[in-house]
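Open the model in your viewer and keep the selection tool at hand. We will go stop by stop.

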Amino acid sequence: MPSETIHRIEIDTKEQGSEAQVLEKKLAALGHQVKARISKAYTLRQDFTAEQLEKVAAALHNPVAETARINEPSTLAFDWALELGFLPGVTDNVANTATEIIDDLLSMRLGRNRVFSSKVLFLTGALSREEVENMARELINILIERYHIKSNTEYKQEEGLDKVAPLVKLTKEPEAIEIDLDVPEAELLALGKQGIKDPETGERRGPLALDLDYLTAIKAYFAKEGRKPTDIELESIAQTWSEHCKHTIFAATMDDIDEGIMKRYIKGATNAVREQLGENDFCLSVFKDNSGGIIFDDTWMITDKAETHNSPSALDPFGGAITGIVGVNRDTIGFGMGALPIANKYGYCFGRPEDTSTIYRGKNKTNPSLPPKRILDGVIYGVNVGGNCSGIPTPTGFCFFDDHYKGKPLVFVGTLGLLPRKLPNGELAHEKEAQAGDRIVVIGGRVGKDGIHGATFSSEAMDEGSPATAVQIGDPITQKKLSDAVCKEARDLGLYNSVTDNGAGGLSCSVAEMAEECGGFVVQLEKVPLKYPGLQPWETWISESQERMTLSVPEDKLAAFEELMEQRGVECTVIGTFNNAKRGVVTLNGKTIFDLDMDFLHHGLPDKALTSKPYPYKTQEPRIGVQDPEELFLRILGSHNCCSFEFISRQYDHEVQGNSVVKPLQGKGRVNGTASVIKPLFDSKKGVVMSQALNPRMSEVSCYDMAANAIDSAIRYAIAVGADIKHLALMDNFCWCSSNEPERLAQLKDAARACYDYATVYRTPFISGKDSMFNDFKGYAENGEPIKISVHPTLMVSAVSVIDDVKNTCTMDFKAPGDLIYVIGETRDECGASEFYNVLGKEGGTPPKVDAKTARKLYSTMHALHTTHLLSACAAIGAGGLGVMLAKMSIAGQHGAEIDINLVPATVDEPVRILHSETPSRFIVSVDPKKKAAFEKAMHGFAFAHVGEVRDDAKFVISKGKEAIIDTSVDLLDTVYKERFKEY
Amino acid sequence: MVKALIMSGYGINCESESKHAFEKAGATAEIVHINDLIAGKKKMADYDIMMFPGGFSYGDDTGSGYAFANKLKNNLWPDLLKFIKQGKLILGVCNGFQIMTNLGLFALPSEEYGEESNALLANTHNRYECRWVNLKSQSQKCVFTKGVTMTSIPIAHAEGRFHCTPGVLKVLEDNDQVVFTYCDATGKAAAGSFPANPNGALSDIAAICDRSGKILGMMPHPERGLYLVNHPEYHHRKEHAARKGETLPEVDENNFRIFTNAVAYAKQNGA
């Protein structure tokens, strides 16, 4: 290879920057006392003149705060230079922007892979090379990033860091290979589990996640076709038939449920509810598009969708989370003809961050899993960058901590969208259909090896074979450009007939799904724009490289569409044509490498039949002895799942778009709420309420009640801020474990049954959902013993409700001294799986029971209380029980309170149980004394009681009759509530 | 009719609410993609006010505002200079302020537009921060803030720490170019302390203007604080107003004034 010119521009800060200061603190926390300076570095693979380099360097820094060096080593005094950059082929957004800057500045077209960004850390301190190496590994993710170390002496001798361009070097000619399925059963099984064997290296390419019965059906199909399948065909079928895409477990026959639990319990509930609602049905699009859609008003609709990105986040927390959030944004942009994202939501289940014991994916302490704290940091930052850069507010979210999430975290991400009900041409905006003859157009990012086998990978448990290529880096700006071009311009110009997201399975799924609308497709694979040459056809076809959408554009609109994309800086490529030939065809340079019957591709997977076996629930009451109720109360308030996570709320922009009304932090005391309200349109008073809930520990005592409580909690949280039960929809996100074990399936069935039972009584339809069935970690503990860590069977329920006027919303903060405090709803001895038992390390117990009939009436009344402004503060009682909620209301309002628990409507007498039982469907409210009579009249017939008052000082007193059980101050509560994550 | 140009493209993301703010203030506002200006489909000269809204142009890659400023400088600089010379108004918020900073629109210290005189560095805690802050109005000269003494506005940024040399700071102060400083709820200077000063800005500076007072750059987002219903203490204030038999006004007078001042000024000056 001829040698090429490589230049290096480094940008130094004149004074030590915040990044370096924060890095020093972080390193100090890891035990390294060092001084740090950080410089930005650009490696340029291009022969520039000195004058050009000067110009480029000037464009890449601000002279007030920075200086630039061109092909010069640093003159700083330091002991070690540590360069951190990306591995070849990993999306480098900074380099892409630098390329655009140079192109514009020098009026040229540099092309791809000419600029590479990195960072140089100049470290001063008594460190060995090994210590610097350890430090590097703490700072980067070795799956996607590289590091290079030079001592001061080396740096001086070699005149700086090496000029190296991290290029992907793939030299193999792209071609499809044939796969022989006429092989022994063991080989077929290996093919399904570990993937296709590469003919040259003999290595397996990564899981197809195809069972034997699936492979048998594929074999039979190709026998009928009279030929062998190609690798791209097999890979494509594996994607389309994956658990991730076809939800095979929810669709399978389970015991006596022939139609499967999805059809019977989830969609069944929606159908039943829509029938009950009759002309008041507010659903517009359910379970058929990338999101669900409900009526907002006569002109607009609201869409909602929640996704998970668990497996990618376990391997690369930042990349997994950012691609999760921008991915679910595309479920909005790809809904109907393209909805505009108006709110993001998050929900994280992590191991405890202080748990530092290492678990390994490989034997003999190899391939360590990332510790919970690093997963937490990376995931939180991923959603930070993804959401903030996209200009979408994040009004709500939650964190849940439990050791069961140490092996695999759960990362829930959701997006609400806004779409006109009719487009300017009069067509319904939630309907779309690719037409035969339409061109297949992809817009946005390019295709690389990233994200290969994402769909099949998430259908398997995580073990040593988990592919690193399954991780992806997000590029929110590329997506923002395409989102604006599609949803703000092309959509209303009527420039396309259909649009969908490229998510799991990449082009193989998006093109095949759209082709179902018209009946077939032909794709010329060589036209797909690549990040670097040398991808094999199957890789191009299934890669999950991010920020891409597929559209069907009619021939007569193509020129206008292409011109618009060009003007908006969005790469746009025609890759084929939709047809009605009932075949999906892919060619490579004129040669057919994929030719499948559309019906087989989508419906050829054999029916599955699953058998469940009752799960041994642990309902026995543990033995509890509480010496000091106040100490217990403070411990629960400060516990992981009750305390403040303000550090997340405030790093996520929740004010962009100017729509926030009830915010993630409520009151002067800034307490995390469990529901939020936005006002999506400037010219309408109407609001959208959103909430999310889960109670995963309850799956060990009763999965039916776990689901019932998740549903009630999501609804109750929404009701507390002002939601209208008559216009409220739900979404289900099942994150299960070991879904091949009959007992886990029994839990699943129990939960799904509760979904039907409760949704139908509440008359709240499910409009969308998602499942992730194998959240298990198989590996080795610190002592080398094999371990399996499975998540709790987890159902996250989201609620979305439309209200007439955002003025009729309420927050939890006590507003005025003297206000009367009421508890609404009866408290029972239902502490099973509560935070109370959890902080005492106890399992089991009586699960809380939801009485949905009574609750629905109550929720309807609560809405009336909000619209008549009878409440000055309102909060739903949740984790930690009544005591914790009362404390949060005091902290939020910065007002003291006193109550007598003898007055609380309860069927239990023990103070700690009244304070910490998690009986559902309860609220604490405060009422202006002048409104006492009106409030009590409105509440007639419900269990409720006046239990105390908001104080005019900062005292916080809970008594039983005359005896004070808890006697403390709002200041102390505030400290305890905010202490745990103060330094995060 | 006063015409406001709301710049968009490449990751700017506050254009809709910015457009709304100018429309509510009585202007005709139009969101214009930078490429439509470069292609000549739209002309800067047709507008009276220009706004660079907030967002993440080019993802803040290479430095916040760098790339968008370069694009303007390479392609639209003569038009922009003409716009300034005609005495028209420019408002930049957050990423818009960062873009203007890298364009050198504050004309310090040389009085020549185009020389970078300040920087907006990473926040002290090196993290994105979204919160409402209190601001004290400092400038008599600034056209946008006439009649505003104190206000409360949300910030949302990772790079908002105002920085300049002592010499430039003196020029700014001497020329009445410091427009807003961070303060506490009572109006007392934040004196650099978090959270009142949310990013560690030098001298608590949240906003500056050029020598003419017609070009304003600010980190806080006034377009997000136009309505009281969006205020974090809305529910508290609503409850207390109700007890006094009052209802809250719809708009936040101070934040709205930033836009009405601009429109009124443009109108007076012949728009």
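How many helices and strands are there in chain A? Select chain A and colour by secondary structure: there are 30 helices and 40 strands. Bear in mind that this is a predicted model.

**Stop 1: chain A as a whole.** The radius of gyration of chain A is 29 Å, close to the 30 Å that the globule rule gives for 984 residues, so chain A is as compact as a globular protein of that length. Along its principal axes it spans about 90 × 70 × 60 Å. Of the 984 residues, 58% count as buried. Now think about contacts in chain A with a separation of 6 or more: residues 24 or more positions apart account for 81% of them.

**Stop 2: the domains of chain A.** Domain 1 covers 7-157. Domain 2 takes 287-292 plus 306-584. Domain 3 covers 810-984. The C-alpha centres of domain 1 and domain 3 of chain A are 53 Å apart.

**Stop 3: a sheet in chain A.** Select the strands β24, β27, β28, β33, β29 and β30 of chain A, in that order across the sheet. These 6 strands make an open sheet with mixed pairing. Look at the edges: β24 (660-662) and β30 (766-772) of chain A each have a single partner strand, so one side of each is left without a neighbour in the sheet. From one strand to the next, the twist averages 20°.

Zoom in on β28 (residues 687-693) and β33 (residues 794-803) of chain A. They pair in the antiparallel sense over 7 bridges. Which residue is the bridge partner of A693(A) in β33(A)? Pick V797(A).

**Stop 4: a sheet in chain B.** Move to chain B. Here 9 strands form an open sheet, in the order β2-β1-β3-β4-β11-β10-β9-β6-β7, and the pairing is mixed. At its edges stand β2 (28-33) and β7 of chain B, each pairing on one side only. Neighbouring strands are turned by 25° against each other on average, direction ignored.

Next, show β1 (residues 3-8) and β3 (residues 49-52) of chain B. These strands run parallel, joined by 3 bridges.

**Stop 5: where the chains meet.** Show both chains. 55 residues of chain B are in contact with 53 residues of chain A. Which elements of chain B each supply at least two residues of the side that touches chain A? Select α1 (15-24), α2 (34-38), α3 (66-85), β5 (119-122), β6 (129-137), β7 (150-157) and α6 (234-243) of chain B. Colour that side of chain B by residue class: 19 nonpolar, 24 polar and 12 charged.

Note on methods:
Residues are numbered from 1 along each chain as its sequence is written. Chains are lettered from A and ligands numbered from 1 in the order in which they are written. This is a predicted model: local features need pLDDT of at least 70, side-chain atom pairs count only at pLDDT 80 or more; totals for chains, interfaces and linings use all residues. Two residues are in contact if their C-beta atoms, placed from the backbone, lie within 7 Å. Helices (H or I, at least four residues) and strands (E, at least two) are DSSP runs, numbered from the N terminus. Ala, Val, Leu, Ile, Met, Phe, Trp, Tyr, Cys and Pro count as nonpolar, Asp, Glu, Lys and Arg as charged, and the others, Gly among them, as polar. The radius of gyration is taken over C-alpha atoms; the globule rule is 2.2 Å times the number of residues to the power 0.38. A residue is buried if 20 or more other C-beta atoms lie within 10 Å of its own, exposed if 12 or fewer, and partly exposed in between; C-beta atoms are placed from the backbone. Domain bounds come from an automatic or database domain assignment. Two strands pair if DSSP finds at least two bridges between them. Axes are lines fitted to C-alpha atoms, for helices over the stretch in contact, and angles run from 0 to 180 degrees between N-to-C directions.
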